[in-house]
Amino acid sequence: MIVRIPLSVPDLRGREAELLLGCVRDNWVSSAGPEVRAFETAMARLTGRAHAVATVNGTAALHLALLAAGVRAGDRVIVPDWTFAASANAITHAGATASFVDVGEADWALDPALVVETLAGDPTIRAVIAVDPLGHTADLDALEAACASYGVPLIEDAAGAIGARYRGRPSGTGGAVAIFSFNGNKTVTAGGGGMLVTDDAAMAQRVRHLSTQARLGSEYVHDMIGFNYRMTNINAALGLAQIERLDEMVAARSTIAARYDSAFADLETITPMPRPGYCDSVCWLYSVRLPDEETARALVASCDAAHIEARLFWRSLSAQAPWQDASRRLRGVSAGLSGTVVSLPSSSSLSEPDQQRVIDAITTWHESNVGAEA
Ligand SMILES: Cc1ncc(COP(=O)(O)O)c(C=O)c1O
């Protein structure tokens, strides 16, 4: 039987089982427990931020980041048109409205020049979310400068970019506040979970308070409407064990990416995802661009027939039903990426023989389909 190769799965070969067992043994399975604080401390150290607050998932962290940044009902928030829906959903959860801005052709991340144009033309913009796509960051310096000149906070959605470095500084250092996701397909997973990092003590305190039902002390007294957004100690234990192996897992994904890069270098219809010069990418999800959606779907189907999971990546959000009426500033880049970017198996545990199976499947598909037409 041929075993199916998955896209991106957890790599639990370190102390994960040991730390999880400790949670059960010591009766720390809910949202109190030593691993939550230890995971927060590890993430603050990793990013060089003064404070980290663990949350139930990345979407919750983004929701809290928006509230802590001062976003209120009726405000608008800039978000890239090409991102995971969570980035825009969190804006609606905060009572605000998404203002979609295109990404750049060179980095597939929020285009700073278009952000400036949008800020200049819309005084209702209250925050900007920069998304780090596929394991590299957005152009943080340029986006920070744009936001600073309009007095608007920048939030870095570094959901999939843990370990990346922008001009030498870690991902998660962009703007006033940044968030990470630890869902199952990320380089570092906590089963599910998120983390908000900031240097602002008051913001961290407010976020922690909001994430625990805005409860004052241990009695049932509350001073505002809060949320149940805390991470459990079980998730934190998993995340903590994973963080210990971050370098090893990033190195494995980077090796896979380098191998795919060289294997596909001569396949003219396949363009690897960008690795902008300003960033050391962690190549979270190795993805390639095809000339059109039909070709991209043919590649996915061919991989599927070879028992390999490949998947079309993000699509323009403003083109989708929930955001039909949202304002937008687009130049066709996000539309062009929609349906043409295919993600390939990238798990840090992917064995060399399985990497070769992926390479063989793609080169064979290329020879028999694209090569035949040339
Ligand atoms: C760019 C981006 N933002 C936010 C999220 C939300 O994270 P979570 O799934 O942990 O809620 C994701 C999740 O994959 C993501 O890719």
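Predicted model: local features only at pLDDT ≥ 70, side-chain atom pairs only at ≥ 80, totals over all residues.
In general terms, the strands of a sheet are held in pairs through backbone hydrogen bonds, in either a parallel or an antiparallel arrangement.

Both kinds of pairing are found around strand β8, which spans residues 177-181. With strand β5 (residues 154-157), β8 pairs in the parallel sense over three bridges, and within this pairing isoleucine 155 has valine 177 of β8 as its bridge partner. With strand β9 (residues 194-198), β8 runs antiparallel and is joined by five bridges; here serine 181 has glycine 194 of β9 as its bridge partner. Strand β9 is also joined to β1 by five bridges, again in an antiparallel arrangement, and glycine 194 of β9 is the bridge partner of threonine 55. Strand β8 is mostly covered, five of its five residues being buried.

Another open sheet consists of four strands in the order β10-β12-β15-β13, with antiparallel pairing. Its edge positions are taken by β10 (271-272) and β13 (311-312), each of which has a single partner strand, so that one side of each is left without a neighbour in the sheet. Within the sheet, strand β12 (residues 287-289) and strand β15 (residues 341-343) run antiparallel and are joined by three bridges, with valine 288 standing opposite valine 342 in β15.

The ligand is surrounded by 15 residues, of which the closest are Asn57, Gly58, Thr59, Ala159 and Ser181. Two or more residues of this shell are given by each of the elements α3 (58-68) and α4 (85-93), and α3 gives the most, with three residues. By residue class, the shell around the ligand comprises five nonpolar, nine polar and one charged.

Helix α3 is itself mostly covered, as 11 of its 11 residues are buried. Just after α3, glycine 70 takes a positive phi of about 95°.

Elsewhere in the model, helix α1 (residues 16-25) packs with helix α8 (residues 233-243) at an angle of about 155°, and their axes lie 8 Å apart. The two helices, α1 and α8, are therefore roughly antiparallel to each other, and their crossing is right-handed.

A further position of note in the description is glycine 135, which lies in the loop between β4 (125-131) and α6 (140-150). Glycine 135 counts as buried because it has 29 C-beta neighbours inside 10 Å. Between glycine 135 and asparagine 228 the separation is 93 residues in sequence and 29 Å in space, C-alpha to C-alpha.

How values were computed
Residues numbered from 1 in each chain as written. Near = placed C-beta within 6 Å. Nonpolar A, V, L, I, M, F, W, Y, C, P; charged D, E, K, R; others polar. Pairing = 2+ DSSP bridges. Buried ≥ 20, exposed ≤ 12 C-beta atoms within 10 Å, placed from the backbone. Axes fitted to C-alpha atoms, helices over the stretch in contact; angles between N-to-C directions. Parallel < 35°, antiparallel > 145°, perpendicular 65-115°, else oblique. Left-handed = near helix turned anticlockwise from the far one by under 90°.
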